[in-house]
Amino acid sequence: MLAAQGLLRHPEQTATKRRVLETIRRMGALQIDTIQVVARSPYFVLWSRIGSYEPCWLDELLVEGKLFEYWSHEACFLPIEDYPLYRHQMISPGGLGWKYSREWISNHQGEVDKVLQVVRERGSVRSADFARTDGKRGGWWEWKPEKRALEMLFTAGELMIARRHNFQRIYDLRERVLPAWDDTKLPPQDETRRALALKAVRALGVTTARWVSDYFRTDKKQTESLTKQLGEEGALLRASVEGWEEDAYVHPDNRKLIKAASSGDLRPTLTTLLSPFDPLVWDRVRAQAIFGFDYKLECYTPAHKRCFGYFTLPILHRDSLVGRLDPKAHRREGYFEVKELHLEPHVAVTDEMIFGIAAALRDCAAWHQTPEILIRRSEPKKFASLLRKALDNDATRTAS
């Protein structure tokens, strides 16, 4: 799984924009989230895999039409060649819950038509281009009608995200963003379901049938049944994993990885920090089953009820999730703060792990342009001082 996700070893080559695109294609989806106590999640997920790179490359790939945005695992950047796999959902978006409401569209048809006309006549727009006229102050769940209309039209595939500015969506007509597309190219829906299941299994490396649906948020029962069917057909390889009661499934493209793993030739050496929305951990059930890692994002939990912190990042060390830390990048002041760091109870502290985490922190802080690292506290308590010492020794070696 680590090899398939690009998390087995440190990158051997300097990051490039092409590498960014290849990494997204490898994962199949790059989830979008706006919280920025450190770099926003899509940028962070890429850093975990390719190291230091220019975040503007992701924005440029969207403008160049090599990526598009749509609902997948959640809101995601997706490879443009996968657009046909999502078009059925755009044409019939009724299953997307709060993301699309036929009743709201019907009750606000005038506002929807007006917004669409503005886009046709003026070109690409932001939500901010529409003045609020409903007297409300706004907020996360108090979108103005024009913003909601833009989002509904985006979900229905009438609008696409042409680009982003300061991470704000800029909407335009689908025919202007993707002029080469027409719905005569739309593959049958059964074919798209099959393609998404195969892509999910390939991205996961090895998986049970139960875990496949979460990757692209497809229908659970349907996808589990389809995965088993693909195994029976030979489109997927079936395998057994020690400790798993269910069959495992592997994409044929990962046959070499499976052989290398079973013979002990896949040796993970990477230590890094992960976004809460990283594909390795976004399915909390899978993370618990494979890594024994019980993970909950506590930013939506009242402060006095949090156990680990506001926005904890899982710590990947080789083939284990060994802990989590609650960071904040103080960009103006130039320092990277670790408010809390918690190791998993079963983890044995070794010099190799200390140096690995220290190096990951140093690289992450440097990428954020916050070179000073401040570690407040840890559990176990002594680990913070061990980590500080490793960082100090590294700084001394660098200076000399």
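Strand 1 and strand 3 run antiparallel and are joined by two bridges. Everything here comes from a predicted model, in which local features need pLDDT of at least 70, side-chain atom pairs count only at pLDDT 80 or more, and totals for chains, interfaces and linings use all residues. Residues are numbered from 1 along each chain as its sequence is written, and side-chain values use heavy atoms, with hydrogens and water left out. Helices (H or I, at least four residues) and strands (E, at least two) are DSSP runs numbered from the N terminus.

- Strand 2 and strand 3 make a hairpin, with three residues between them.
- For specific pairs, Glu 69 has Phe 77 in strand 3 as its bridge partner, while Gln 31 stands opposite Cys 76 in strand 3.

**How enclosed the strands are**

- Buried means under 20% relative accessible area, exposed means over 50%, and partly exposed is in between (1.4 Å probe, protein chains only).
- In strand 3, five of the five residues are buried, so this strand is largely enclosed by the rest of the structure.
- In a regular strand, side chains alternate between the two faces of the sheet.
- Strand 3 is covered on both faces: Ala 75, Phe 77 and Pro 79 are buried on one side, and Cys 76 and Leu 78 are buried on the other.
- Strand 2 also has five of its five residues buried, so it is largely enclosed by the rest of the structure.

**The cavity**

- Rolling a probe the size of a water molecule over the atoms shows where empty space is left.
- On a 1 Å grid over the protein atoms alone, a cavity is a set of points where a 1.4 Å probe fits but cannot get out; a pocket is an open set with protein on both sides within 12 Å along at least five of seven lines; and lining residues have an atom within 4 Å of a point.
- Grid points are joined across faces, edges and corners, and a volume is the space filled by probe spheres set on the points.
- Searching the whole structure turns up one cavity of 30 Å³ or more, and the largest cavity has a volume of about 40 Å³.
- Its lining is made up of Trp 71, Trp 98, Lys 99, Trp 143, Arg 148, Glu 151, Met 152 and Thr 155.
- Helix 7 (residues 145-155) supplies the largest share of that lining, four residues.
- By class, the largest cavity is lined by four nonpolar, one polar and three charged residues (Ala, Val, Leu, Ile, Met, Phe, Trp, Tyr, Cys and Pro count as nonpolar, Asp, Glu, Lys and Arg as charged, and the others, Gly among them, as polar).

**The second largest pocket**

- The second largest pocket holds about 750 Å³ of space.
- It is lined by 26 residues, and those closest to its centre are Met 1, Leu 2, Val 206, Ala 261 and Leu 266.
- Helix 12 (255-262), helix 13 (284-291) and strand 10 (320-330) are the elements giving two or more residues to this lining.
- Helix 12 gives the most, with four residues.
- The lining of the second largest pocket splits into 18 nonpolar, six polar and two charged residues.

- Arg 194 is in helix 9 (residues 189-204) and is partly exposed, at 30% relative accessible area.
- Leaving out residues up to four places away in sequence, Arg 194 touches Leu 226, Leu 230, Glu 233 and Ala 235 (contact means heavy atoms within 4.5 Å).
- The side chains of Arg 194 and Glu 233 are joined by a polar contact of 3.0 Å; a polar contact is a pair of N or O atoms within 3.5 Å, where within protein one must be able to donate a hydrogen and the other to accept it, and residues adjacent in sequence count only if both atoms are side-chain atoms.
- Thr 207 lies in the loop between helix 9 and helix 10 (212-216) and counts as buried, at 0% relative accessibility.

Methods:
Pairing = 2+ DSSP bridges.
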